Structures are given as C-alpha cells and as structure tokens.
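Me: I am new to this structure and would like to learn how to read it. Could you take me through some features, one by one?

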Amino acid sequence: MDMEALLAQANALQSKVNDAQEKLDKMHVKGISGKGACIIDMTGKYDLVDVKISEDALAYGADKVAELVSLAYRDAKAKADELIDKVMGEATAGVPMPE
C-alpha cells in the first residue's frame, strides 16, 4: 500500500473516531443504587450530569449516602464503559485502538 493511501485511510479513521467521541458526549447512562435511592446521570465520556438522592436515603446518614453514591457511580461507569466499547468498536470497525 502506498503512503498516500495509508494516510487517507488514517484520516478517515480519525474522522470516524472524532464523530464517535461527539456521539458519546451526547449519550447518557444512568447508574442506580439502593433500588433507585441514588441515581447518577453521566455522559458516554464520563461527564457527570446529575445526581439524585431520595429523601428516604438521606435519613440513613452521610455514610450510607456516600455508599449509595459510590455504588451508583460504579454502575454508571460500567454502563458508560460498555457504551464506549460499542460506539468506538463500530467507528473503528475492528481496527485495534491504542489504550
């Protein structure tokens, strides 16, 4: 393959990756803990959008609230990780990306 074709292929891939990143920025996932006592909304790029804590959860005290927030965050992050893998996988069409 000549250098020009390789460069064109790299530019096309970069464009697809950029588009995928913009798409992820607009997508949202929700992390939930305590049967909905805490809900975290984040983008597909891990940006925190909103945290909701139920009044009932607040009655359990700061330690329990902190635990609920942590669990909801981990749930949201796991969902964002899956979303990123899917969207970037589609964009790169199986081309391995550096970590």
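Reply: Here is a short tour, feature by feature. This is a predicted model, so to speak of local features we need pLDDT of at least 70, and side-chain atom pairs count only at pLDDT 80 or more, while totals for chains, interfaces and linings use all residues. Residues are numbered from 1 along each chain as its sequence is written, and side-chain values use heavy atoms, with hydrogens and water left out.

Me: In what sense do S1 and S2 pair?

Reply: Two strands pair if DSSP finds at least two bridges between them. S1 and S2 (residues 38-43) pair in the antiparallel sense, over 6 bridges. Val29, for instance, has Met42 in S2 as its bridge partner. The hairpin of S1 and S2 has 4 residues between the strands, and Gly34 there takes a positive phi near 60°.

Me: Which residues other than glycine have a positive phi?

Reply: Most residues other than glycine have a negative phi. Lys35 is not a glycine, yet has a positive phi of about 55°. Lys35 sits in the loop between S1 and S2 and is exposed, at a relative accessible area of 89%. Tyr46 also is not a glycine, and its phi is positive, near 70°. Tyr46 is in the loop between S2 and S3 and is partly exposed, with a relative accessible area of 34%.

Me: How many salt bridges are there?

Reply: Side chains of opposite charge can pair when their charged atoms come close. The rule asks for a side-chain nitrogen of Lys or Arg within 4 Å of a carboxyl oxygen of Asp or Glu. By this rule there are 5 salt bridges. Among them, Asp81 and Lys77 meet at 3.2 Å, N to O. Both lie in helix H3 (residues 62-92), 4 residues apart, about one turn of the helix. Lys86 and Glu90 form another salt bridge, at 3.5 Å, N to O. These two are 4 residues apart in H3, so about one helical turn separates them. Lys86 is exposed at 53% relative accessibility, whereas Glu90 is partly exposed at 48%. Asp50 and Lys52 are also joined by a salt bridge, at 3.8 Å, N to O.

Me: And which residues gather in patches on the surface?

Reply: Patches are made of residues with over 30% relative accessible area and no salt bridge; like charges are joined within 9 Å, and nonpolar side chains (Val, Leu, Ile, Met, Phe, Trp, Tyr) within 5 Å. Accessible areas come from the Shrake-Rupley method with a 1.4 Å probe, and for residues only the protein chains shown count as cover. Lys and Arg count as positive and Asp and Glu as negative, while His and the chain ends are not counted. The place of a charge is NZ of Lys, CZ of Arg, CG of Asp or CD of Glu. Asp19, Glu22, Asp25 and Asp47 gather in a patch of negative charge. The nonpolar patch is formed by Leu48, Val51, Ile53 and Leu58, with about 320 Å² of accessible area together. Strand S3 (residues 48-53) gives the largest share of that patch, 3 residues.

Terms used. Buried < 20%, exposed > 50% of the residue type's maximum accessible area, 1.4 Å probe, protein only.
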